[in-house]
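Hi,

Here is the model I said I would pass on.

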Amino acid sequence: MTSPHIRVAHLRKYYQVHEKEPGLMGSVRAFFARRYRTVKAVDDISFEIAPGEVVGFLGPNGAGKTTTLKVLSGLLYPTAGEVNVLGFTPFKREHPFLKQITLVMGQKQQLIWDLPPIETFLVNQAIYEIPEAEFRATLRELDDLLELGPLIKKQTRKLSLGERMKCELAAALLHRPKVLFLDEPTIGLDVTMQARIREFVAEYNRRHGATVLLTSHYMADVTALCERIIVINKGCLLYDGDFRALIERMAPYKVVRLHFERPVTCAQLQAFGQVEACDGFTATLHVPRASAVEIAGQLLTQLQPDDLTFEDPPVEDIIRDLFAGGLEPPPPAMQPDAPAALQLSPRQTTP
Amino acid sequence: MRWIRAYLALARAGWASVLEYRAQIVIWMSTSLLMMIMLAVWLGISRAGPVSGFSSSDFVAYFIVGWVVRNLTAVWVSWELEYAVRSGQLSPALLRPIHPVHKEIAWHWVEKGFRMAIVLPIATLALALTPGISLALDLLSVVAFVVSVFLAWLIRFMIDYLIGILSFWSSQSTALSTGMEGIQLVLTGTIAPLALFPQAVQDVLRWTPFPYLLNFPVEIVMGRLSTEGIASGLAAQLGWSALGIVAAWVVWRTGIRRYAAFGA
């Protein structure tokens, strides 16, 4: 068995922040007697990531995602716990370590603001000691995947946000890092550009077998790229495992949308599943995942809707439920005609 | 070899940036015109006769050479560092396999190249056209001058770098940098040759880094120093440089730990 690329054991990162009351008096008081409060940005989390894995790192704002990425890349040193990336202790920032990783932060940049990206690329070639032939090959490949084209010769400050992000990624990957930490790489980008960046990350992972740990607020990034997710909230680990399994556990139902030519009553529909909405002509039902096809058949034959669609529940909702209520034990199977089972949506089971 | 390549690449990018900011650099350079104003003042005073042994042509030589030295030793690393810390741009820089200070050093050097392209022809012409100027242009003096200017730059860079590192603790380190600039104007001999200061003040100043930042290199070329004077001045510069490098190294290590603890 290969050893993991990333190993985190009981990581804690606490900050001391000083509190200041508003106004002039508050400032004066803060000047003479600062009051400090400990913020537990990360509080005892452990996980391992194998070589080549693409893992989504989810959590609401302030959950501790960026802090963890900064600890893993070596920008922050941990308050307690063990962190090991590629066999190195990150916060020592040894050059052989730095040459094998990269951290892309959607809101920070390494491109030299007033110069075209190619200037930053050339600087990186020198400081990462990339041989000329390899540099050219990598640049060609990145150009091919990201369609950089003329962008690399345009002043960075004149690039659009999406164009700049593409060049940031290129600059961050010229040395072909084995481990990629991507912190909100698609933030602020339009849908097309988000998709392009996603495809690129997936392709880079395929071609180079790189390990990727990615945070994003866009669920599409995570669904497209990650089989495994790690969810944290308030510095604590909520879930670590298969993404699909989580969805099935948090939302053991499918969403059925119906449209009728002749009106039906809500009572008629309740026999088939949990009624979410119903106005006589259109209706939305939650039906158990396992018997969804069977129920659809019954609906078609008994109520004869002129349109019926199946959907997975929105991932955003599932994750929101997880953030709000944590991970509940798997609920019992939902029975279509048992009134008690109608209460089983995770949103309703959590206080 | 790796270092040479890295510095060449950084210098290349620095040069492109210098050309981008050429107008701004010319404006920064104009702050050194203060020395030309001081020259005019001292020429007015010395019209009646030499001041403490400084004739009118001595003043011309002092301030023109001083102007060159001031341009060659200009530093702004504290501003860069303060901005990098405040904006968070230091974080990506720390993750590259080269210390962030090397980029600053490389960029300072190429900027000096740009300044010299403007300053040197003007200074040479002014010195050549002023009657009665005699400079010490023997090999020893010229080499000593070049070395002393480099060391003067190094000391100023380290002082400013130390101020910049204070950004890890305070968000107002550039105020300190401005204050330091004011002190340096007086104590380095920028507004008046230190030879005109009372002897007691000169004796005290000798134990500070300030005379070695401008007054000392200028006096080498003016031929006002004995070989022993040059040697002891260079030794003092080396001492201050070494102290600056060690202090910067220690304070950086402490500061970066704080940065890593509080919010990279």
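Let me start with a strand pair in chain A: S11(A) and strand S12 (residues 282–288) of chain A run antiparallel and are joined by 4 bridges. Helices (H or I, at least four residues) and strands (E, at least two) are DSSP runs, numbered from the N terminus, and two strands pair if DSSP finds at least two bridges between them. Within this pair, A:Gln274 has A:His286 in S12(A) as its bridge partner.

Before going further, the housekeeping. This is a predicted model, in which local features need pLDDT of at least 70 and side-chain atom pairs count only at pLDDT 80 or more, while totals for chains, interfaces and linings use all residues. Residues are numbered from 1 along each chain as its sequence is written, and chains are lettered from A and ligands numbered from 1 in the order in which they are written.

Back to the sheet. S11 and S12 belong to an open sheet of 4 strands in chain A, ordered S11-S12-S10-S13, with antiparallel pairing. Strand S11 (274–278) and strand S13 (307–311) of chain A are at the edges with a single partner strand each, so one side of each has no neighbour in the sheet. From one strand to the next the twist averages 20 degrees. Helix H11 (residues 292–303) of chain A packs on this sheet and touches strand S10 (253–259), S12 and S13 of chain A. The direction of H11 makes about 170 degrees with that of S13(A); axes here are lines fitted to C-alpha atoms, for helices over the stretch in contact, and angles run from 0 to 180 degrees between N-to-C directions.

On the domain level, chain A is divided into domain 1 (6–246) and domain 2 (251–349), with bounds from an automatic or database domain assignment. Their centres, taken over C-alpha atoms, are 38 Å apart. Domain 1 of chain A puts 8 residues into the contact and domain 2 of chain A puts in 7 (two residues are in contact if their C-beta atoms, placed from the backbone, lie within 7 Å). On the domain 1 side, helix H8 (219–225), strand S8 (228–233) and strand S9 (236–242) of chain A are the elements that give two or more residues. That side divides into 6 nonpolar, 2 polar and no charged residues. For the classes, Ala, Val, Leu, Ile, Met, Phe, Trp, Tyr, Cys and Pro count as nonpolar, Asp, Glu, Lys and Arg as charged, and the others, Gly among them, as polar.

Elsewhere in chain A, strand S1 (residues 6–19) runs antiparallel to strand S4 (residues 80–85), with 5 bridges between them; A:Ala9 stands opposite A:Glu82 in S4(A). S1(A) is also joined by 12 bridges to strand S2 (residues 35–49) of chain A, again antiparallel, and A:Tyr15 has A:Val39 in S2(A) as its bridge partner.

Now the interface: 26 residues of chain A are in contact with 24 residues of chain B. Helix H2 (65–73), helix H3 (95–98) and helix H4 (117–127) of chain A each supply at least two residues of the chain A side, and H4(A) gives the most, with 5 residues. The chain A side divides into 14 nonpolar, 5 polar and 7 charged residues.

As for chain B, there are 12 helices and 0 strands. The C-alpha trace of chain B spans about 60 × 40 × 35 Å along its principal axes.

Cheers
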